[in-house]
Structure formats: C-alpha cells, structure tokens
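Keep the sequence and the 3D view open, and try each task before reading its solution.

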There are 4 protein chains.
Amino acid sequence: MRHDPARLHAPAYPWSITMETRYADMDPNRHLNNVAISRFFEEARVRFNWHLLTAGPAISRPRYLVAHVSVDYLEEGHYPGTVDLGYGVLAIGTSSFRAGMAMFQHDKCIALCESVLVHRGETGPAPLPGPLRDRLQAYLFNTGASA
Amino acid sequence: MRHDPARLHAPAYPWSITMETRYADMDPNRHLNNVAISRFFEEARVRFNWHLLTAGPAISRPRYLVAHVSVDYLEEGHYPGTVDLGYGVLAIGTSSFRAGMAMFQHDKCIALCESVLVHRGETGPAPLPGPLRDRLQAYLFNTGASA
Amino acid sequence: MRHDPARLHAPAYPWSITMETRYADMDPNRHLNNVAISRFFEEARVRFNWHLLTAGPAISRPRYLVAHVSVDYLEEGHYPGTVDLGYGVLAIGTSSFRAGMAMFQHDKCIALCESVLVHRGETGPAPLPGPLRDRLQAYLFNTGASA
Amino acid sequence: MRHDPARLHAPAYPWSITMETRYADMDPNRHLNNVAISRFFEEARVRFNWHLLTAGPAISRPRYLVAHVSVDYLEEGHYPGTVDLGYGVLAIGTSSFRAGMAMFQHDKCIALCESVLVHRGETGPAPLPGPLRDRLQAYLFNTGASA
C-alpha cells in the first residue's frame, strides 16, 4: 500500500483528461462510489487508447484485453464538480503494457490505478506492433519505471 | 500476475453467494464489462458484511473504508445467467482486513479480487473490535494465508 | 397520472420475474434510485423477449427498437431484498406493441411502466411477424386493453 | 407518440447543459443505451435544481419526489462525444411541476423527456413555496404550455 510519491502529482502524468462527475456516481454515503471511480479510470483508459490512435500517422487499431486493474482509494471524492485523470505508461512488455493513472479533485489525489492491457491477436496475446510500441514510449510516466 | 491456484476453486471459499447477471452488465463487446465485474465484487463485499453481523449474537455495526481493490480478469463472463461469488478472509490486521474473492460462471473462475477494508473510527482507522475479529476468523480462506 | 387499478396487482400480470436488488441500485437518498428502477424494467423487457423466443417452436429472433418508456414512481423501494416484476402485453399494433410492467416489493406496487417496442426491419419499422404476434397474444394483460 | 414540434429544437429550451458521454453509456448495440439516456435526463434534472437555487437570492432548498418520467427515443445516440440537454418548465401546479427536456447530439434531437416533480413536505406533497414558484416561471418552455 505504499505509493510512489511521484504518482500523487498531476503534472507527472504525460496525458490527462478532465471529466464531469454525475449524481449517479454517488452512493448512499453521498460521496463518489468506489466502483464509480473505477468507471472514471475505465473512461480514461478508453479515451487514451483513442487518443493514441490519432496522435500521429494512421496505425491499425489494436484490440486489448484488460487483464488486471487495481485501485487505491486515498480520499473521498465529491459531486458535483469535475475530476482530473492523469495517465502514464509505467512499463511496456512484449505483448502487454502497464498503465498508471491517478484521479484528482481540487488538486488532491483521491485514487491511484494500475491497469495491465494485453494486446490481443486472433488466438491470444500477441506482440505489441512496433508503431504502437513507439507511440506508447512517448507517454512513459516521468520516473521512467521499467517492466 | 501469478495466482495462488487454491484461489481458483469455488469450494475453497468459506462463504459464497449466487447473483443474476443483468443485460446492463454487458458492454459493447457483448460480454460482462470489467467494471460491472467490480460491481459484483462490491455486492459480495456488502452482502458478506451484512452476513457477518447476523452470523451470531448482535455486535455493533462497524463502518469500513475500502482502501484497495484489485481485480484480475481471467476469462470472459456472459449474460444471461448467474455468477457465483466466493469470499474468504485472507488476512486480519490491527485495524483492517484483506478479503479474497473469486467470481465463477459455469464453474470456471472468471475473475479474482482482493480488497482491503479499513475499520473506521471517529477520527480515522481504529482497531477491529474483538467480537468482529473473532467472527472474521471463522471465514479465513482455506490455505490460511497470514498478514 | 391516474392508473388502471388492475395494474397495481401482481397476479394480473401473465408473466413475472423476481430479481435481486443491488447496493449500487441505491442513490444518496438510500432508496432504490429512479433510474435504477428503469434498469429493472429494462431487464424484465429483455428477459421477456428471450422467454418469448423459447415459449414454443423456434421463431426467428426479432429485433426491436424501444421507442417509448414511461415510469410512474409510486413508493420507495429498498435494498437489500428482491423485487418482483410483472409483465403483460397491453396492446398489439401493426409493427409495434405496448407492454405494461409493474414492480413490487413486499407485495406493494412501487412503480408502473409502459414501453413501446417497434419491430425493426432492414430499413425501418416492419410488421410484426405472424408467429410472434400469436405468441404475444398469449401474454395480453388481463383487462384486455386494446390499442 | 406525436410530439410538439417546438420540443425538438434546442433553442426553444430556456436552460441547457452539455455533457460528455461515457464508454459505459453504450450497450451491446454500440449506441447509447436507453436507460443511460434516462441517466442524462436525471443529471439535467439534478443540475437544473441546483441552478435554480443559485439563480437569485437564497431560497430554502426544496425536496422533490420524482413521480413520473417518460422518455421518447427518437434517434440513436453515439459515443464518444457530447450531448446537449435542454430543459424547460412545461407546467406549474399547486405542489408539483412538469419539466420538459430534450437531448441533442450534433443538433439532432435524439430523445424527449417529461418529468413530474412533486414538492415534498414533512408528511407528503406540499404547496410549492412562492419564491420557488416565481423562479420556475422564469424557465417556462417557450410555447407557454399550461397545466
């Protein structure tokens, strides 16, 4: 449960996105629900993947399988208002990569997330295509964590 | 990403619950969405906590803070149909405990989950009350993992 | 807003289904959220459509477009516990039909729903196939409302 | 099912809000799910109610009960992208009011919604307070529909 302190600072993330919270993201405790927070990380992941496709010359659209997601809940989040999601690539493997995300509200980190995305070929995991790998490199998280 | 093989078998879990999937649990890929799977684990967690309260003489109702949730997605899940969730306590600490869950469909393990629940006092984490701790002991996961 | 009193009684519905509520169906008011109640009606609609396909010899699977849904919220619904959904066909038109549903908890009607489903052909609304129409007839709501 | 044509035009609504769609708003048909569309209308309703409180000198915060929601689904909605929600008061009664909403994507109306909100006192419906009533008047839908 100890976190890399670098992961708690929004500017450390090479890509970010701001999202509106919704009334429906709250649970009976009147703060942002844990699973709703996972939804925000899902959305950031999907948007980053779209972003990557359009961040240069056309590359073929990869299919991913989300193999792992872990979330550390650090602070309560609130509605209404926006949240800022930071995204960085933590490590690039042969057929998968690990993404690190953080969710901020009023500049405070309220949750950290790690996801492992496996590149999916016709019959199972397949090597990350070179152009995709190159593009992922450009979004490595600042501390340069390696696989 | 290596899993304790014991965690993949439904009978190893001291508590379990069967739930119906919903149409809304599917995503555009037509299988159970990753975050929807996290919703099932949330539901199992909530139900287990209720179960624990009623599993013996009255004890005061604890308040928890979910500090950590990690999920490994092993297989695709499908709608319609039921899923079986197994629940076991992996480790009991001073003011928190770690729960291990697994989700099965047609006897196949489709996802594993670990959650850390922190017992919440008025001003922050507080020691698990003795009666609650005793009760948690009865649901330790079979392999007897320790903190 | 006046309701046909017959619509408030569970036995009047020719088809029904029981569903478990989930923690996530509650909103900050700690009762079942309005939109979550719409989710239950969606689930009943989907399940009834599946049921219809298997309620006799094979018929081709129709595609529907949901054109209209209205819900009257009569009483608060609660978690945990089950809800019972009743379903009846209120009227059968040329290319669409109108379904009436009701949601009960502890035998009290907490919400009523009307849905209009349009049968969808390749280029737009298409006449309901005869075998499907015949099958729908068997589930007409008791008071025999007509289009 | 015939709609007031005035309801299909975004500029006719005295209040509006733009929202981001989410990946999770899609269903297996890969377009915005019907119930997810109801979620957007819920969000617009909640936001309008907040807006109303802050649209002038402080008034006491009313509690509402949503008694009725109906939605007409006119066109498919898509992800990613934004949707625009228009909101107008259609009619003001003694203890309730009726709101008309519309959802637009790329300037096309994809859904219409009517909601009835009942002002809730300690023991049941209660007359709309004068200051609230005055404020609602300012948001009457252009065609000036009456109760």
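This is a predicted model: local features need pLDDT of at least 70, side-chain atom pairs count only at pLDDT 80 or more; totals for chains, interfaces and linings use all residues.

Residues are numbered from 1 along each chain as its sequence is written, and chains are lettered from A and ligands numbered from 1 in the order in which they are written.

**Exercise 1. Find the rotation that superposes chain A on chain B, and the residue of chain A whose C-alpha is nearest the axis.**

Step 1. Superpose the copies by least squares on the C-alpha atoms of residues with pLDDT of at least 70 in both.

Step 2. Of the contact residues of chain A, 100% recur in chain B, and the same surface serves both copies.

**Exercise 2. Describe the side of chain A that touches chain B: how many residues does it have, and which element gives the most?**

Step 1. Count the contacts: 14 residues of chain A meet 14 residues of chain B.

Step 2. Assign them to elements, which are DSSP runs numbered from the N terminus (helices: H or I, at least four residues; strands: E, at least two). Two or more residues come from each of α1 (34-53) and β2 (64-73) of chain A, and β2(A) gives the most, with eight.

Step 3. Sort by class, with Ala, Val, Leu, Ile, Met, Phe, Trp, Tyr, Cys and Pro as nonpolar, Asp, Glu, Lys and Arg as charged, and the others, Gly among them, as polar. This side of chain A has seven nonpolar, four polar and three charged residues.

Step 4. Check for pairing, which requires that DSSP finds at least two bridges between two strands. β2(A) and β2(B) pair in the antiparallel sense over five bridges, and D72(A) stands opposite H68(B).

**Exercise 3. Now work out how chain D meets chain A.**

Step 1. Eleven residues of chain D are in contact with eleven of chain A. The elements of chain D that give two or more residues are β1 (15-20) and α1 (34-53), and α1(D) gives the most, with five.

Step 2. The side of chain D that touches chain A divides into six nonpolar, no polar and five charged residues.

Step 3. A rotation of 180 degrees with 0.0 Å of shift along its axis superposes chain D on chain A, with an RMSD of 0.0 Å. That is the relation of a two-fold axis. E20(D) comes closest to this axis among the residues of chain D, at 3.8 Å (C-alpha).

**Exercise 4. Trace the strand partners of β3 in chain C.**

Step 1. β3(C) (residues 82-92) runs antiparallel to β1(C) (residues 15-20), with six bridges; T18(C) stands opposite D84(C).

Step 2. Eight bridges join β3(C) to the antiparallel β4(C) (residues 96-105), where Y87(C) has M101(C) as its bridge partner. A hairpin of three residues connects β3(C) to β4(C).

Notes:
Two residues are in contact if their C-beta atoms, placed from the backbone, lie within 7 Å.
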